[in-house]
Amino acid sequence: MKRCPECRRNYHDDSLSFCLDDGTLLVDGPATDESATAIQPTRESKTVLMPATSDSGTPPTDNSISNSLSRRKTMIAALVVALMALAGGIGFAVYKFRTPEPAVYAPFQTIKIERLTSNGKATQAVISPDGKQVVYVLDDAGKRSLWLRQVATATDVQLTPPTNEVFYWSLTISRDGNYLYYVYGGTIRNRILYQMPLIGG
């Protein structure tokens with residue numbers, strides 16, 4: 001056995017001549033009366049890096065490292081799925097229990113059908129923009145005439161006398177509901193566009 005007189009470290013390898021810590025020439029004999037396996041602390045502390053050990057005290061292997069990484073990835077994936085499920089649940093709850101907006105009804109969502117004529121002789125018709133008046137052509141045994149019907153009171157007013165020599169086409173009521181426009185004539189060459197006040201004319 002040899003020892004270092006400076007750092008008092010014992011060496012069991014007799015082939016060594018110099019201290020591995022400070023390079024001092026080794027001398028024979030142990031440094032102290034302690035057991036041969038004891039190592040005295042040196043004046044200069046040195047840090048020895050040892051590989052990390054597992055719970056069993058053995059250094060980790062590549063397999064245990066890969067298992068650890070796999071477990072970590074699984075935990076991250078589970079956390080992401082849980083967060084997505086939570087966000088979806090919150091979104092569904094907000095959609096389900098939100099305060100409903102006032103209902104806005106589209107045109108013709110609720111309608112009422114009512115027969116305006118019952119003689120079976122009306123051939124053409126046009127309704128005013130406000131829906132209060134209807135002008136129609138009454139064809140009675142080949143004689144045609146114009147009639148105005150008041151929807152609210154269900155009354156009919158004759159606008160033109162019946163005749164079998166002319167036809168009425170393209171009935172139109174003005175936007176303000178004051179005038180009726182129609183094409184009047186017997187043949188395609190002598191048709192004329194007329195304007196008629198619906199009330200008082």
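**Ground rules.** I am working with a predicted model, where local features need pLDDT of at least 70 and side-chain atom pairs count only at pLDDT 80 or more, while totals for chains, interfaces and linings use all residues. Residues are numbered from 1 along each chain as its sequence is written, and side-chain values use heavy atoms, with hydrogens and water left out.

**Whole chain.** I found 1 helix and 10 strands in the protein chain. Helices (H or I, at least four residues) and strands (E, at least two) are DSSP runs, numbered from the N terminus. Reading along the sequence, I noted the pattern β-β-β-α-β-β-β-β-β-β-β.

I then looked up burial: 18% of the 201 residues count as buried. Buried means under 20% relative accessible area, exposed means over 50%, and partly exposed lies in between (1.4 Å probe, protein chains only). The accessible surface of the chain comes to about 15700 Å², and 58% of that belongs to carbon and sulfur atoms. Such areas come from the Shrake-Rupley method with a 1.4 Å probe; for residues, only the protein chains shown count as cover.

Two strands pair if DSSP finds at least two bridges between them. Strand 1 (residues 2-3) and strand 2 run antiparallel and are joined by 2 bridges. I looked up R3 and found its bridge partner in strand 2, N10.

Opposite W147 I found Q158 in strand 7.

**Surface patch.** My last stop was a nonpolar surface patch of about 510 Å², made by L79, L83, L86, I90 and V94. Patches are made of residues with over 30% relative accessible area and no salt bridge: like charges are joined within 9 Å, nonpolar side chains (Val, Leu, Ile, Met, Phe, Trp, Tyr) within 5 Å. A salt bridge is a side-chain nitrogen of Lys or Arg within 4 Å of a carboxyl oxygen of Asp or Glu. I picked out L79, which is found in helix 1 (residues 62-97). Is L79 buried or exposed? L79 has 52% relative accessibility, so L79 counts as exposed.
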